Structures are given as structure tokens and as C-alpha cells.
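Reader: Hi! Could you walk me through this one with me?
Author: Happy to, go ahead.

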Amino acid sequence: MDKRGGKGRQKIEMKLIESKEARTVAFSKRKKGLGEKAKEYSNLTGADVGFILFTQAGKPHSYGSPSIEKVIDKFHELKQNDSQQNHTNMSKTNAFEAFEDLRKEVQAFKEKDLDSEMPTNKHMLEHKLKHFEAYKSRLDKIKKEIKGDVPAEQFKFISEVALDLEEMSS
């Protein structure tokens, strides 16, 4: 067995290559290697793969499987869907929080005003009716924001509050 006395593969320090020519050669070789790895990855996993590189002069180089345009389009579509989903989830969370606040207000209103005697004053009755209408309006707005995608316990609360408002206003 003949052992070689060479140094073997040396680790390269990751810093900017000083020589412009050496930098250009390294870019070219590494670009080719990156393209081979991307193609291998795509073939082995069936994943859509793409990358874009720009030289220091600003010249673009790209690779895409099936094509860089399709990869970019798919990326933008998924990013947009993800953004919309996050916005929808956020608005639903905000709607549930708004609903919970409304439910607490209605509960406090019921305990405070409905346990007392019914006012005979027309002005007080109109004032309470305006409260009921405002609560109902807020509840309708929350229902629209949630758009029917409501867990059972939340739907039960919404229904109870809606019924309470209907009873109080009649």
C-alpha cells in the first residue's frame, strides 16, 4: 500500500477573493457545481429548484427545474397565498377578540341595566335601544369578518349574544 504524502483537500477560508481573475474563475466553477447540485436535488426529490446569481458586473445567471420562470411564479403564488392566509387568520383572531369584548359588554349591560327596574322614561328607553342597536351592529360586523369559519363553541356564544340582543331590543 502506497500512502501519499499530500495535504489532501484543504479547507478554504470564507472571505472575498482578492484577485479579480481568481474571483471570476471561482464564480464560474462554483456556479457550475451549484447547478449540478441543484439538478441532482431536483432529480432525486422531484422538487422544483431554482437559483439566480449575479456577477459583480451585474450579469445574471440562473438555473431552474423545470424553469426559473416557473419556479419564481410558484414562489410568488405560494408567498401571496401564505400572506393572505396569515391576514385571514389575523383578522379572525381580531374578530374573536372583538366578539369576546362585545360579549363581556353585553353581559355587563344585562347585569347592570336589566336587573334594575324597567325605565318608564321614553328617553331612557330610547337610550337603551340605541345600545342594543350598536351591539347588534358590532355583532353583525364581527360575523362578516369571521365568514362562517367558526369553531362550535364560538358559534354558540355568537348565537347566544345575538338572541340576547334580540330579546332585549323587543
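Reader: How many nonpolar, polar and charged residues are in the lining of the largest pocket?
Author: The lining has 10 nonpolar, 3 polar and 6 charged residues. Here Ala, Val, Leu, Ile, Met, Phe, Trp, Tyr, Cys and Pro count as nonpolar, Asp, Glu, Lys and Arg as charged, and the others, Gly among them, as polar. A pocket is an open set of points on a 1 Å grid over the protein atoms alone, where a 1.4 Å probe fits, with protein on both sides within 12 Å along at least five of seven lines; lining residues have an atom within 4 Å of a point.

Reader: Before I go on, what sort of model is it?
Author: This is a predicted model, where local features need pLDDT of at least 70 and side-chain atom pairs count only at pLDDT 80 or more, while totals for chains, interfaces and linings use all residues. Residues are numbered from 1 along each chain as its sequence is written, and side-chain values use heavy atoms, with hydrogens and water left out.

Reader: Thanks! Back to the pocket: which residues lie nearest its centre?
Author: Ile-17, Arg-23, Thr-24, Ala-26 and Phe-27, out of 19 lining residues. The largest share, 8 residues, comes from H1. Helix H1 (20-45) and strand S1 (49-54) are the elements that give two or more residues; helices (H or I, at least four residues) and strands (E, at least two) are DSSP runs, numbered from the N terminus.

Reader: New topic: how do S1 and S2 run?
Author: They run antiparallel, joined by 6 bridges (strands pair if DSSP finds at least two bridges between them). Ile-52, for one, has Ser-62 in S2 as its bridge partner. The hairpin has 5 residues between the strands, and Gly-58 takes a positive phi near 95° there.

Reader: And which peptide bond is cis?
Author: The one from Ser-65 to Pro-66, with omega near 15°. Most peptide bonds are trans. Pro-66 sits in the loop between strand S2 (60-65) and helix H2 (68-114). Ser-65 is buried at 17% relative accessible area (buried means under 20%, exposed over 50%, partly exposed in between, with a 1.4 Å probe and protein chains only).

Reader: Last one: which side chains meet in a salt bridge?
Author: Asp-48 and Lys-74, at 3.2 Å, N to O (a side-chain nitrogen of Lys or Arg within 4 Å of a carboxyl oxygen of Asp or Glu). Asp-48 lies in the loop between H1 and S1 and Lys-74 in helix H2, so the pair ties together parts 26 residues apart in sequence.
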